[in-house]
Amino acid sequence: MQFQHNVHTIAPSFWSFAYEVRIEGRTLECRIRPGQHYDLVEAYSRAPHIEFLNCESPDQFKEFVTRWGPLLISDEQWANRRAIAQIDDYRNYRNLFLAISGLADACRGRKDRRESLVDYFRAEAGMLRAGHGREELQELSYLDRIDPSTANSAGKRDPIEWVRSASDAEVLRVLIGLFEDWVRPPNPWGLRVYPRRRRLEIKPCFELYSLWDGLRWMLWFDEWNRFPPTTCPECRKVFRPSSHHKQKFCSWPCAHRATNRKWRRKDLRSKKRRPRKGKSDGN
Ligand SMILES: [Zn+2]
């Protein structure tokens, strides 16, 4: 799976549906039909980015591709109308996407800053191991951000080691820089006019050349709408709160489980503190 911005025959922000999606050993294969596509901007309301953040098993990736098409399509795959990628590639992209979302959580104070950077560099190392080059990682890999003077020299250190020993100010600088680089506002933007029976419909559009572009744009749009994804502290599932009201847990069962546990702990503490009957009554 290649990290490229291809300008295919379909309009920017449109992406192809997949069919005949199947897992063959460690690869995920599907066919693409040029005439069948959807608008990534419109797909936002159905939250494919949240779905991707929650993908873990090969079957979940398969379901995701069945619904939203392949993450990327190279020119060659486009010409053959067939997209093939390793399941591990999907997992690497998902880990990277989760790590990018984790950087946002750290900026918001919902996650430890160092921990978010360790997760990010682990995800980036996974991408590099899978053969995605520096240029594919927006030329951000490893120490470019941490210490540009050592980027091309042998003095490179393991970024995870660096995170553990860097000062708070350094951690903050790298955290902000990395996050801003991954979720830049899409450019260019514009409006498109569609004929709808007797009238015309005006719709905003953005140039998104792949589903991967679209997913990152959705993270940006979540912030714009003040609806950032949240990780449920109980089951670790990522969800988008259903209203602007603060929602900590993904579902009622998770909230219920956490409240029950809290109540049980409180109860236990108060039992421990309560003086035993008899001893205090004796006088
Ligand atoms: Zn939950």
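## A glycine after helix α6, and the fold around it

Just after α6, Gly131 takes a positive phi of about 100 degrees. Helices (H or I, at least four residues) and strands (E, at least two) are DSSP runs, numbered from the N terminus.

This is a predicted model, in which local features need pLDDT of at least 70 and side-chain atom pairs count only at pLDDT 80 or more, while totals for chains, interfaces and linings use all residues. Residues are numbered from 1 along each chain as its sequence is written. The protein chain has an average pLDDT (the predictor's confidence in each residue, from 0 to 100) of 84, and 83% of the residues score at least 70. Over residues 2-7 the pLDDT stays under 50, and for this stretch the model has 14 contacts beyond four places in sequence. A contact joins two residues whose C-beta atoms, placed from the backbone, lie within 7 Å.

**Helix α6.** This helix covers residues 113-129; at 1.5 Å a residue its 17 residues should span 24 Å, and its end C-alpha atoms are 24 Å apart, which agrees. The expected span is 1.5 Å times one less than the number of residues. Ser116, Leu117, Asp119, Tyr120, Phe121, Ala123 and Glu124 are the buried residues of α6. Buried means that 20 or more other C-beta atoms, placed from the backbone, lie within 10 Å of the residue's own; 12 or fewer means exposed, and anything in between partly exposed. The cover over these buried residues includes α5, α8 (159-165) and α9 (168-182).

**The sheet.** Three strands form an open sheet in the order β1-β2-β3, with antiparallel pairing. β1 and β3 stand at the edges with a single partner strand each, so one side of each has no neighbour in the sheet. On average, neighbouring strands are turned by 35 degrees against each other, direction ignored. Axes are lines fitted to C-alpha atoms, for helices over the stretch in contact, and angles run from 0 to 180 degrees between N-to-C directions. Two strands pair if DSSP finds at least two bridges between them. The pairings are listed below.

| Strand pair | Residues | Bridges |
|---|---|---|
| β1 and β2 | 14-24 and 27-39 | Eight |
| β2 and β3 | 27-39 and 82-86 | Five |

In β3, Ile84 is the bridge partner of Glu29. Ile23, in turn, stands opposite Leu28 in β2. Helix α3 (residues 58-68) packs on the sheet by touching β1 and β2, and its direction makes about 145 degrees with that of β1. Helix α5 also packs on the sheet, touching β1, β2 and β3, with its direction at about 75 degrees to that of β3.

A nonpolar core is a set of buried Ala, Val, Leu, Ile, Met, Phe, Trp, Tyr and Cys residues joined through C-beta atoms within 7 Å. The largest one has 49 residues, among which Val65 and Leu103 touch the most other members. Helix α5 (residues 87-107) supplies nine residues, the largest share of this core. Leaving aside residues up to four places away in sequence, Val65 touches Ala18, Val21, Leu28, Cys30 and Pro70.

Asp105 also lies in helix α5. It counts as buried because it has 20 C-beta neighbours inside 10 Å. Not counting residues up to four places away in sequence, Asp105 touches Arg110, Lys111, Ser116 and Thr231. Asp105 and Pro228 are 123 residues apart in sequence, and their C-alpha atoms are 8.9 Å apart in space.
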